[in-house]
Amino acid sequence: MQAQRQKLMLDSISRLIRRGALSNALNLLIKLRPVDIAQVLGQLPQNDSESLFKALVRSELPKAAEAVSELETDKAVELLATLGREEVSRLLQELPSDDATLLVSGMPEELRDDLLDAMKVEHSTVVNELLGFEDETAGRIMTPDYFALDEDVTVSEAITALQRRSEEFEMAFYLYVVDSRNHLLGVVSLRQLLLNQPSTPLRKIMISDVIKVATDTDQEEVARIVATYNLLAVPVVDQENKLVGIITVDDIIDVMREEATEDIYALAGVEADDRALGSSINSVMRRLPWLMLSLLAALVVVAIVQFYVVTIEQAVWLAILIPVVATMGSTAATQTMTVVVRGIGLGEVSWETGKRVITKEALVGLINGVVVGLVVAGVVSLWTSARLGGVLGLTMLLSLFVAGIRGTLVPVLLKRFRLDPALTSSFFVVTITDAVTFFFYFGMATFLLKHFRL
């Protein structure tokens, strides 16, 4: 129902813009929730989206800011680039500091300083501090707007402070307990505040074993921690255990979506900013390098095949069966690699557990290789000869076994060296598996032709 309503609204707004009735389209848009506005802006043609966004900024700046925070970063930056410097700075000041930082970091460097200069000092100072942390770390995505009180404060005083200052904080489901130097001592939930006596000091009801992250913790690890412990927010501390910010669950959901998208795209050799409704030129620029890399890998395999041209001329069936050899090895490698890369993303697979995973995937590859090899050997034996069937059957066995080992070893090694296991695994694993498979396939066939008939 919601999807139909969204489509109907998008069609109505599109028609109004085409007729030149921008003000009417804007009136419809303003009635929507910010997330729905973001979806409309993201699906409209670029020119229509820019015109409507400019009108929204001039009419309803707070709502425009909320909508921008719901957009993909690249799309949001693209829309902001159509505005003047003053308009962008005013819009960014409407956003929480973590969202403003995300957008500023996506802009060209020469524009960042101008925007920060145009913003109010208190807001630009916070954004500058967050920009000082490495990209994709807890420090970069945290918000410094947290609710913290001294350990000697009573429950009654804490509730009063929360009622008086709640609008200052992005999320106040947790109250963090700190000492006079802002060291994190514990955490108290709103439920605990309501269930304890008003005169009870916070130090007596706080949980001292706080689940926390450091400013340099990778955002993917932060997402794993929040998901594992079902948290609504996680505190961020510096090297001295001083509380410097919190990361809320809505930001974690964005991180999880972003990381999952990156992994899916990377496994297919596509970059994360390539979108179905995006620019054709952008898609070409993002995909062409990987296509050229794949072409290079294919030429390596062709060179191996060319080495056995004489063998192929003596037994044409060897060439006919090449698609079977290539497809099965690549498919098995991709299956293993996908499972392992996802396991790395979930924190299940690491350098320490790698040996166990390699053993398991090698066993899976061996068993699958035996089953597939027997089936292929039987079918090919009926078509041609038992020897050729045996060659292909043994090739399948080796290919799937190698795919299991390589599909595990390569992503684990890449992660060990702090490289993205999804981004380069596909190229390395499939290329190596194909090279080994063809070398064995034609090598064994050459040996049999030399001494027997296939």
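Biologist: Which residues in α7 meet which residues in α9?

Modeller: R85, E86, V88, S89, L92 and Q93 in α7 meet D114, L115 and A118 in α9, where contact means heavy atoms within 4.5 Å. Before going further, please note that this is a predicted model, in which local features need pLDDT of at least 70, side-chain atom pairs count only at pLDDT 80 or more, and totals for chains, interfaces and linings use all residues. Residues are numbered from 1 along each chain as its sequence is written, and side-chain values use heavy atoms, with hydrogens and water left out.

Biologist: What classes of residue make up the contact of α7 with α9?

Modeller: The contact of α7 with α9 has four nonpolar, two polar and three charged residues. Here Ala, Val, Leu, Ile, Met, Phe, Trp, Tyr, Cys and Pro count as nonpolar, Asp, Glu, Lys and Arg as charged, and the others, Gly among them, as polar.

Biologist: At what angle do helix α7 and helix α9 pack?

Modeller: Helix α7 (residues 85-93) and helix α9 (residues 109-118) pack at about 65°, and their axes are 9 Å apart. Helices (H or I, at least four residues) and strands (E, at least two) are DSSP runs, numbered from the N terminus. Axes are lines fitted to C-alpha atoms, for helices over the stretch in contact, and angles run from 0 to 180 degrees between N-to-C directions. The two helices, α7 and α9, are therefore roughly perpendicular to each other; angles under 35 degrees count as roughly parallel, over 145 as roughly antiparallel, 65 to 115 as roughly perpendicular and the rest as oblique.

Biologist: Is the crossing of α7 and α9 left-handed or right-handed?

Modeller: The crossing of α7 and α9 is right-handed. A crossing is left-handed if the near helix is turned anticlockwise from the far one by less than a right angle, and right-handed if clockwise.

Biologist: Back to Q93: what is Q93 in contact with, leaving aside its neighbours within four places in sequence?

Modeller: Q93 is then in contact with A118, M119, K120 and H123. With 23% relative accessibility, Q93 counts as partly exposed; buried means under 20% relative accessible area, exposed over 50%, and partly exposed in between (1.4 Å probe, protein chains only).

Biologist: Which residues of α4 and α6 make their contact?

Modeller: Helix α4 (residues 46-59) and helix α6 (residues 73-80) pack at an angle of about 65°, with axes 10 Å apart. Their contact is made by Q46, S49, E50 and F53 of α4 and K75, E78, L79 and L80 of α6. The crossing of α4 and α6 is right-handed.

Biologist: Changing topic, how many aromatic pairs does a search of the whole structure find?

Modeller: The search finds seven aromatic pairs. Y441 and F442 form a tilted pair, 4.8 Å centre to centre with 55° between the planes. Rings of Phe, Tyr and Trp (its six-membered ring) pair if their centres lie within 6.5 Å; planes under 30 degrees apart count as stacked, over 60 as edge-to-face and the rest as tilted.

Biologist: Are Y441 and F442 buried or exposed?

Modeller: Both Y441 and F442 are buried.
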